[in-house]
Amino acid sequence: MAYQMRTSLVLLVIFSLAWRPLGYAQSNLEKYWVFFTDKEQGAFDPYAYFDQKAIERRVKSNIPINHPSDWPVTFSYVDSVAAVATKTSHASRWFNALSISATTNQVETIAAFEFVKAVEPMMVISYPASMVMAEKPTYKSSISTAEMKLLMKQTARMEADAFHDKNIRGQGLRIAIFDAGFPSVDVNPAFEHIRAANRIIKTYDFLSKKENVYKHSAHGCNVLSCIAGIINGQRIGLATEAEFLLARTESGMFEPFSEEENWLAAVEWADKNGADLINSSLGYTNNRYFTSDMDGKTSLVARAANMAARKGILVLNAAGNDGSDDWKYQGTPADADSVLSVGGIDFNTDFHISFSSFGPTSDKRMKPNICALGVAMVAGPKAMEKAYGTSFASPLATGFAACAWQTDREATNMEMFKKLEQSGEFYPYFDYAHGFGVPQASFFVNKSAEPVASTFEMNTSNFEVSIEIDKAQFDLEGEDAGAMLFYHIENTKGYLDKYYVIAVRTYNVLQLNKADFKKGSTLRVHFKGYTKSYTF
Amino acid sequence: MSTTYVLKIILPLLFAVSVGELMGQSVLLEEDVNADTVEVVKGPNKRVFSHMYLGVAFAAGPDSAGSRINYGKSFDITIGRRTKWKISSFYALGLDLEYHMSAFNLAQEAGKLLPNDSVHDSERLKFHNLAAGFYNRFSLNTRRGNYIGNFIDLGVRLDVPILSTHVTEDELDRAGYNNGRDIKTKTTDLRFITDFNYSGYFRLGFNKYVLTASYRLSDLFISDSNLYAKYGNGLTKYPELPALSVGVQLGLH
């Protein structure tokens, strides 16, 4: 008996060490990207394929109208792969790739085709998101006084009147929104002005492959309102007269394997249909990646977002809501260098809201780029709601960006990207919680604005650097008590070592011992619009 | 309290506190980038990861004539620490160190042999074990971030019963000795239990939620005719209790 026991134990160990879930792998379908080696122009006609606005964007940005990245994937390759795979889904022109569902054996066969460059598994992790189901609304548009204050501040904080007083409301700009559903947008009074002018140009649900996006998660409805909604005559977002492409790319409840695939499909769809801007309030973080992957190059969505930028589209993405979680940093595609990442500030404190994800990227680039209110009044399917998240900071900034671009339609997307950063209230100061701060409309409207006068003195001695607030301008025992001063230390490699926000209550606000800082590092201080720096 | 004391001590203190409040700076946000952006070396999908877990399982395999059990009342409770060493994104080796208590509620019926033929209102065998399990982990989603993901574990576990007890409970029709009506007996250090036993186990995990199945591969009871001679029925070994148990575990991570 003892011998039998020993034998069975040894056999079990050997079996378990040698075991592979072959049965699982062979019987279970997985989703993959199949990348092809090449493609040909074939019958591709850009004038037939692209919306006129997409052609105009390419001409304006000096982007080739007939570019291989826009050519369709070679049909014979698709057919060959389809003959082997269990199912094929989306073909990506930009990445010359095809998404498939296949078993391991099928993948081995497909990978052996000489026209296949690589086969990579698709991300397959799911996570829950907020879910608000739409119902036929009897709309509750009334809000409290406190909520009205918030509603007004969410656009006023960006100097909205400077745009609207000049009737700059995003006219002529086309904005694509990628989200989890847009219930009630077809009936909601907050979007009546958009529907009346037929400014919802196209819609597409990349999950169900249908045009109806007016159901599922209410998140997209909230987001659209932060770009362009109007309720009871009060604007919710800034680009109230822009045009819209609405794409459902997320399930909103659980990802069915292929949000990444949907995002790619949607970005090519947005390009084809003439989008000038894309707002995406999604982000992939710890379920799929390590923080070291947040370099703007690793994830396929980051690369796709950068590709969209190369096509002349301005892409804005929420920084993420992991600021107080273990993850802490922005997700992807907010890590992409050509994506304008938007962080959130608090309505009450007026600086970084705790949940807003921090930068920098893993390769130490500044993120977020700008910020906006991370708490906002939004239009829900049945009522106005108070909502928290950089999901709403991003569309507030997108509405702003559309208006800003309207003031300078000759600017390319990346020129506008830079200008939006420069319009930040802290520029040239920045940190990894706020970027350059909340963009200000006066930058675009009052182009000859005077430089900001000095608000503090930076005094240096042999031993220390001190900051003294200008007593003539500020009453720190009165209305200016607690005003925020920002400072950071930038190292010689060009990224920040430390940064601070302090509430000022005394004029001699800061004394720094020079010996504490490395030679060549830079102290940069910002107070009330004025920035000054000192290199140790 | 004298006026002098108030003037000399209390007032200056109050003044100092109030001035300090007025003059002080409040740091609203402080970030040390280098301290925060160091490479993550620990975590569920890093080289080594360890966490506590809790589990409950129920006897599920067939029982034997003479040692019938009440299913649903026969269960196993586990608390332990699980460590895994990542070999590749697909494969990891692991070690479980745990305490688990197995309780078998014995059916009271004719033909009962375990541990004798007496019938009671309720009867249980309990085994308190220290155990070590060695397992192979096969991840089902290889491209994932720093979290456990979905997996299959296959391993073996060595159980050492550190305490074994036999408990009977009876309610008398009439008050008995000491005028009590309930009698509960507890016998410990059972001689018919092997010094150790081992099992093979399978786990299907969905991040922190795990389905488990364990099958005991060795005997629980020793074979010794002298031990059973008093029954006079030629018994040389007790019929074994169910070897299979199925349950759930919760990873505390």
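**View 1. K209(A) is an exposed residue, because 10 other C-beta atoms lie within 10 Å of its own.** Exposure here is a count: 20 or more other C-beta atoms within 10 Å make a residue buried, 12 or fewer make it exposed, and anything in between is partly exposed, with C-beta atoms placed from the backbone. You are looking at a predicted model, in which local features need pLDDT of at least 70 and side-chain atom pairs count only at pLDDT 80 or more, while totals for chains, interfaces and linings use all residues. To find your way around, number residues from 1 along each chain as its sequence is written, and take chains as lettered from A and ligands as numbered from 1 in the order in which they are written. K209(A) sits in the loop between β6 and α10 of chain A; helices (H or I, at least four residues) and strands (E, at least two) are DSSP runs, numbered from the N terminus. Although K209(A) is not a glycine, its phi is positive, about 60°.

View 2. K328(A) is partly exposed, since 17 other C-beta atoms fall within 10 Å.

**View 3. Seven strands of chain A build an open, parallel sheet.** Read across the sheet, the order is β6-β9-β5-β10-β11-β12-β13. Strands β6 (200-205) and β13 (370-373) of chain A form the edges, each pairing on one side only. From one strand to the next, the twist averages 20°. Helix α10(A) packs on this sheet and touches β5, β9 and β10 (277-280) of chain A, with its direction at about 150° to that of β5(A). Within the sheet, β5 (residues 174-179) and β9 (residues 243-248) of chain A run parallel and are joined by six bridges; strands count as paired if DSSP finds at least two bridges between them. One pair to look for is R174(A) with its bridge partner E243(A) in β9(A).

**View 4. Helices α10 and α13 of chain A cross at roughly 35°.** Two packed helices are described by the angle between their axes and the distance between the axes. Here the axes of α10 (residues 219-228) and α13 (residues 390-406) of chain A come within 7 Å. Axes are lines fitted to C-alpha atoms, for helices over the stretch in contact, and angles run from 0 to 180 degrees between N-to-C directions. The contact involves H219(A), N222(A), V223(A), C226(A), I227(A) and A228(A) of α10(A), together with S391(A), F392(A), P395(A), L396(A), T398(A) and G399(A) of α13(A). Two residues are in contact if their C-beta atoms, placed from the backbone, lie within 7 Å.

**View 5. Helix α11 (residues 259-272) of chain A lies across β5, β6, β9 and β10 of chain A.** The helix runs at about 160° to β9(A). K272(A) belongs to α11 of chain A and counts as partly exposed because it has 18 C-beta neighbours inside 10 Å. Beyond its neighbours within four places in sequence, K272(A) contacts Y49(A), F50(A), D51(A) and A54(A).

**View 6. A hairpin of four residues joins β14(A) to β15(A).** Strands β14 (residues 375-379) and β15 (residues 384-388) of chain A pair antiparallel over five bridges. A379(A) has M384(A) as its bridge partner in β15(A).

**View 7. Two cis peptide bonds are worth a look, one of them from G359(A) to P360(A) with omega near 0°.** P360(A) is in the loop between β12 (339-345) and β13 of chain A. In chain B, a cis bond joins L114(B) and P115(B), with omega about -15°. P115(B) lies in the loop between β4 (91-105) and β5 (122-139) of chain B.

**View 8. Residues 15-23 of chain B have pLDDT under 50 throughout.** pLDDT is the predictor's confidence in each residue, from 0 to 100. Where pLDDT is low, the predicted coordinates should not be read in detail. For this stretch the model has three contacts beyond four places in sequence. Across chain B the mean pLDDT is 87, and 87% of its residues reach 70 or more.
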